[in-house]
Amino acid sequence: MIDQRPIYAVADVHGRADLLEAIIAHAEDDAARRGREPRIVFLGDIVDRGPESRRALDLVIGTLCRHPGSVQILGNHDMWFLCGASLEEPFPDETSWLRHGGVETLLSYSDEPWPSYVTRSRIDALRQFVREHHADHVEALRNASLFHDEGRMLFVHAGIRPGVSEQEPMDFFWIRQEFLEHVGPLPRVVVHGHTIIGDTPIVTENRISLDTGAYASGRLSLLVVDPVERSLSFRQTDGGPGRVVEIEPKLLDRGLGTVLDDVPALFEPIPTPMPA
């Protein structure tokens, strides 16, 4: 039997807890209006870059508890933070992590004013603080999924590699051009983030791209999937406090139409699980 609860998919929060809070509240209100419980799918990269990674993770954990069936998918920045928080020694990608938002994430766990320069000892102390005082955050990332397979739709952080029978986990975290430039059918319609695609979501014949650069743009985008109405719709924070509005995505027709040409087909049964 098809799960009739609507899905609300949000990508790449990157420490913007203010925007995430508005999106979660909107999803809960929208599901209540439909008379059903929501399933919220977080497409990864909750942390790094923005100022409130700690609170953003608190919001995710609280949502997973309130709404069973919701899913946290691990993004590449989440994976970096998991390594940084759980390992006592530096890890191979630590320099890249710290340069691309890891410092901001660690500082979000401190109540002290942000310094203009962060020393190595301060970084190590904050890593230890997270391990010792926010074990629930570390555990939540350890338990995060690589993807969520939902019938004819696949929810994942970065994308999948076309033309292979089994996916490598690193592609779920990192893939870009090989996936984005692939024209033609994929095993599923892929709903993803990871790559900033402009101010509005993009829909092609094989993917729905949701990363609208929220940490800098203030535009955190949401896909609403309603299996009862067999509909897709899009929402976005618009810069006002707590405001979420309905938007139209950009349709990128590469000669094969787009997913929105036949939305009801997305809700037809599919016999085989996604290989991983």
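**The sheet**

Ile7 has Arg39 of strand 2 as its bridge partner. Strand 1 (residues 7-10) and strand 2 (residues 39-42) run parallel and are joined by four bridges. Helices (H or I, at least four residues) and strands (E, at least two) are DSSP runs numbered from the N terminus. The model is predicted: local features need pLDDT of at least 70, side-chain atom pairs count only at pLDDT 80 or more, and totals for chains, interfaces and linings use all residues. Residues are numbered from 1 along each chain as its sequence is written, and side-chain values use heavy atoms, leaving out hydrogens and water.

The open sheet has six strands in the order 3-2-1-9-10-11, with mixed pairing; two strands pair if DSSP finds at least two bridges between them. Strand 3 (71-72) and strand 11 (244-247) are the edge strands, each pairing on one side only.

**Helix 3 and helix 5**

Helix 3 (residues 76-86) packs against helix 5 (residues 120-133) at an angle of about 90 degrees, and their axes are 7 Å apart. Axes are lines fitted to C-alpha atoms, for helices over the stretch in contact, and angles run from 0 to 180 degrees between N-to-C directions. The two helices are therefore roughly perpendicular (65 to 115 degrees).

Contact means heavy atoms within 4.5 Å. Helix 3 contributes Phe81, Cys83, Gly84, Ala85 and Ser86, while helix 5 contributes Arg127, Val130 and Arg131.

**Helix 2 and helix 6**

The axes of helix 2 (residues 53-66) and helix 6 (residues 135-142) cross at roughly 65 degrees and come within 10 Å. Arg54, Leu57, Asp58 and Ile61 of helix 2 meet Asp136, His137, Ala140 and Leu141 of helix 6.

Notes. Parallel < 35°, antiparallel > 145°, perpendicular 65-115°, else oblique.
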